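Work through the exercises below with the sequence and the coordinates open. Each task is followed by a solution in steps.

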Amino acid sequence: MFVNATDVGKGQAIRHNGAICLVLETMHRTPGNLRAFVQMVLRNLKTGKSFVERFGSQDKVELLSLVRKRCEYSYREGNNFVFMDPETYDTFPVSEEMVGKAKDFLKENQPVDLLFADDSLAAIELPQSVVLKVVEAPEGVKGDSATNVMKPAILETGLCIQVPLFIKEGELVKVSTTDGKYLSRA
């Protein structure tokens, strides 16, 4: 289905120069006395590379439909992360480049949404927050509790975040997947 470039939004998939691209960001611009254009940040799904492209406000782009599949992260195999559809037991190996920063929040059997455009993986959608175990955290210094003092802690996925002084090794903490910040004890 072809639509005006101005009608395309973040999170949609388009076909650009023969490749399937995920729209990461859109900006409508009208510079001075020039014609309006739409600037998009696109990610090529085959190569995983992101780039910026400009479209005239009247340009047509091919909009692709996205299919969402609820899957579980199973295990890591070399440079690939393997996800499984719990209904059909189909597995989907995904490259480390495609997983990106989501690898810091993935643990075995965790449910995630995989977005597909024309049978190609478009994106991995994590839940808003995840519960992870603290594997390393230094002891808090007595007397530092008067203010909102934080300390570094390493989680089971290898992610290092700032947590309050009262968090100890072995505790479960709730972490935001959008910014990687501590939310609460779990």
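Two strands pair if DSSP finds at least two bridges between them, and strands (E, at least two residues) are DSSP runs, numbered from the N terminus, as are helices (H or I, at least four). The model is a predicted one: local features need pLDDT of at least 70, side-chain atom pairs count only at pLDDT 80 or more, and totals for chains, interfaces and linings use all residues. Residues are numbered from 1 along each chain as its sequence is written, and side-chain values use heavy atoms, with hydrogens and water left out.

**Exercise 1.** Give the strand order of the five-strand open sheet and state why one side of β14 and of β16 is left without a neighbour.

Solution. 
- Step 1. The order is β14-β13-β12-β15-β16, with antiparallel pairing.
- Step 2. β14 (160-164) and β16 are the edge strands; each has a single partner strand, so one side of each lacks a neighbour in the sheet.
- Step 3. On average, neighbouring strands in this sheet are turned by 50° against each other, direction ignored. Axes here are lines fitted to C-alpha atoms, for helices over the stretch in contact, and angles run from 0 to 180 degrees between N-to-C directions.

**Exercise 2.** Trace the pairings within this sheet and find the residues with positive phi in its hairpins.

Solution. 
- Step 1. Start with β13 (residues 150-155), which is antiparallel to β14 and joined to it by five bridges. Ile154 has Cys160 of β14 as its bridge partner.
- Step 2. The hairpin of β13 and β14 has four residues between the strands, and Gly158 in the turn has a positive phi of about 100°.
- Step 3. β12 (residues 129-136) runs antiparallel to β15 (residues 172-176), with five bridges between them.
- Step 4. Five residues separate the strands in the hairpin of β15 and β16, where Gly180 takes a positive phi near 70°.

**Exercise 3.** Describe the six-strand open sheet and the two pairings of β2.

Solution. 
- Step 1. The order is β1-β6-β2-β3-β4-β5, and the pairing is antiparallel.
- Step 2. β1 (2-4) and β5 (50-56) are the edge strands, each pairing on one side only. In this sheet, too, neighbouring strands are turned by 50° against each other on average, direction ignored.
- Step 3. On one side, β2 (residues 13-16) is joined to β6 (residues 60-64) by three bridges, and the two run antiparallel. Ala13 has Leu64 of β6 as its bridge partner, while Arg15 stands opposite Glu62 in β6.
- Step 4. β2 pairs with β3 (residues 19-29) in the antiparallel sense over four bridges. The bridge partner of His16 in β3 is Ala19.
- Step 5. The hairpin of β2 and β3 has two residues between the strands, and Asn17 takes a positive phi near 55°.

**Exercise 4.** Characterise the interface between domain 2 and domain 3.

Solution. 
- Step 1. The chain is divided into domain 1 (2-64), domain 2 (66-125) and domain 3 (130-140 + 148-185); the bounds come from an automatic or database domain assignment.
- Step 2. The C-alpha centres of domain 2 and domain 3 are 24 Å apart. In contact (heavy atoms within 4.5 Å) are six residues of domain 2 and 10 residues of domain 3.
- Step 3. The buried area (accessible area, 1.4 Å probe, that two parts lose on being put together, summed over both) is about 590 Å², and carbon and sulfur atoms give 64% of this area.
- Step 4. Asp104, Phe105 and Lys107 supply 86% of the area that domain 2 buries against domain 3, more than any other three residues.
- Step 5. Between domain 2 and domain 3 there are zero salt bridges, where a salt bridge is a side-chain nitrogen of Lys or Arg within 4 Å of a carboxyl oxygen of Asp or Glu.
- Step 6. Two residue pairs are in polar contact between these domains, both at pLDDT 80 or more. A polar contact is a pair of N or O atoms within 3.5 Å; within protein, one must be able to donate a hydrogen and the other to accept it, and residues adjacent in sequence count only if both atoms are side-chain atoms.
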